[in-house]
Amino acid sequence: MRYAYCINGFEDFNANIDLACEAEEAGWDGFFLPDGLALEVPNHGAMPLFDPWVIMGAIAVKTTRIRFGTMITPISRRRPWKVARECVTVDQLSKGRLILAVGMGAASDDGGFHKVGEAVDLKIRAQRVDEGLEIIDGLWKGKPYTFAGKHFHVDNMTMLPRPFQDPRIPIWVVGVWEKPKSMQRALAWDGIIPQRYKDWQPFSAEDIRKIRDSIVQQRTGDRPFEIIAGGLTATGPQVVRPFVEAGATWWVEGDMGSLSLAKLRERLRQGPPV
């Protein structure tokens with residue numbers, strides 16, 4: 001099991017970077033940032049946000065060990081070739097520590113969808129995620145790449161340099177349990193961020209065990225695959241141990257806006273629950 005913390009962002013730009021440095025010093029394995037334009041958190045209002053790719057560039061050069069990424073990047077409203085370039089840049093800066101976590105995005109909560117005319121229809125967003133991921137993976141190979149889809153087209157494009165990581169930057173995908181199409185989308189890549197349908201309640205260890213068993217039955221080959229679990233701040237290994245036994249490979253904690261900067265810094269300095 002590896003341990004990461006996911007923050008919600010703070011108005012102080014440098015605080016986001018400093019927290020990543022403190023997480024590394026305290027022994028955390030990963031650090032994740034939100035990726036939104038105008039997110040509103042229930043019961044908390046508008047969330048202060050900066051562009052995560054700019055912040056991750058700073059994190060890349062100010063840390064040496066910790067892995068990091070977004071939680072999550074809504075590929076459905078992004079140009080995949082731009083995301084591909086951003087990822088390669090940060091991955092090269094960090095010497096191979098980026099994780100790309102993606103999903104369709106919170107269309108109802110992020111004004112970057114419904115307030116600026118981006119697609120909010122679930123089917124269309126799903127199609128754009130599938131096409132976007134295929135393009136990103138294709139461009140990362142560093143060879144002439146062509147793609148013709150319903151939403152995106154690429155004409156013999158070569159993108160260099162390739163990512164630092166080989167064969168690619170790990171891609172974690174949100175998979176809605178037990179929606180077959182959503183699960184299949186996640187299983188095609190490198191890790192699953194399990195999510196309930198229209199329900200933000202965390203998964204129990206038994207839920208994770210069922211997801212793990214389903215993954216074992218459906219995936220072929222021996223390529224590594226991550227199963228991400230998580231919940232509210234935990235300070236003892238007894239909280240996480242059942243998830244380890246159930247097959248989770250990453251534990252991602254998050255405060256959902258409930259911690260002040262001082263409290264969050266205190267929690268990070270305590271280190272992961274091991």
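Reader: How much space lies in the second largest pocket?

Author: This is a predicted model. In it, the second largest pocket holds about 270 Å³ of space.

Reader: Which residues line the second largest pocket, and of what classes are they?

Author: The lining has 14 residues, and those nearest the pocket's centre are Gln165, Arg168, Pro170, Asp190 and Pro224. Sorted by class, seven of the lining residues are charged, six nonpolar and one polar.

Reader: Where do nonpolar side chains tend to be in soluble globular proteins?

Author: They tend to be buried together. Here the largest nonpolar core has 64 residues, and Phe31, Trp140 and Ile208 touch the most other members. Helix α2, residues 52–62, gives the most to this core, namely six residues. A second core is separate and has 13 residues, among them Met71, Ala101, Trp172 and Val174.

Reader: What does Ile208 touch, leaving out residues up to four places away in sequence?

Author: Its contacts are Pro194, Phe203, Ile227, Ile228, Ala229, Phe243, Ala246 and Ala248.

Reader: Which residues of helix α9 are buried?

Author: In α9, residues 261–270, they are Leu264, Arg265, Arg267 and Leu268. These residues lie on the same side of α9 because they cover an arc of only 160° around the axis. Their cover includes β1 (2–6), α1 (13–25) and β13 (250–254).

Reader: Which exposed residues does the face of α9 turned away from its buried side carry?

Author: That face carries Ala262 and Arg269.

Reader: What follows α9?

Author: Glycine 271 does, and its phi is positive, near 85°.

Technical notes
Residues are numbered from 1 along each chain as its sequence is written. This is a predicted model: local features need pLDDT of at least 70, side-chain atom pairs count only at pLDDT 80 or more; totals for chains, interfaces and linings use all residues. Side-chain values use heavy atoms; hydrogens and water are left out. A nonpolar core is a set of buried Ala, Val, Leu, Ile, Met, Phe, Trp, Tyr and Cys residues joined through side-chain atoms within 4.5 Å. Buried means under 20% relative accessible area, exposed over 50%, partly exposed in between (1.4 Å probe, protein chains only). Helices (H or I, at least four residues) and strands (E, at least two) are DSSP runs, numbered from the N terminus. Contact means heavy atoms within 4.5 Å. The arc is that of the directions from the helix axis to the C-beta atoms. On a 1 Å grid over the protein atoms alone, a cavity is a set of points where a 1.4 Å probe fits but cannot get out, and a pocket is an open set with protein on both sides within 12 Å along at least five of seven lines; lining residues have an atom within 4 Å of a point. Grid points are joined across faces, edges and corners, and a volume is the space filled by probe spheres set on the points. Ala, Val, Leu, Ile, Met, Phe, Trp, Tyr, Cys and Pro count as nonpolar, Asp, Glu, Lys and Arg as charged, and the others, Gly among them, as polar.
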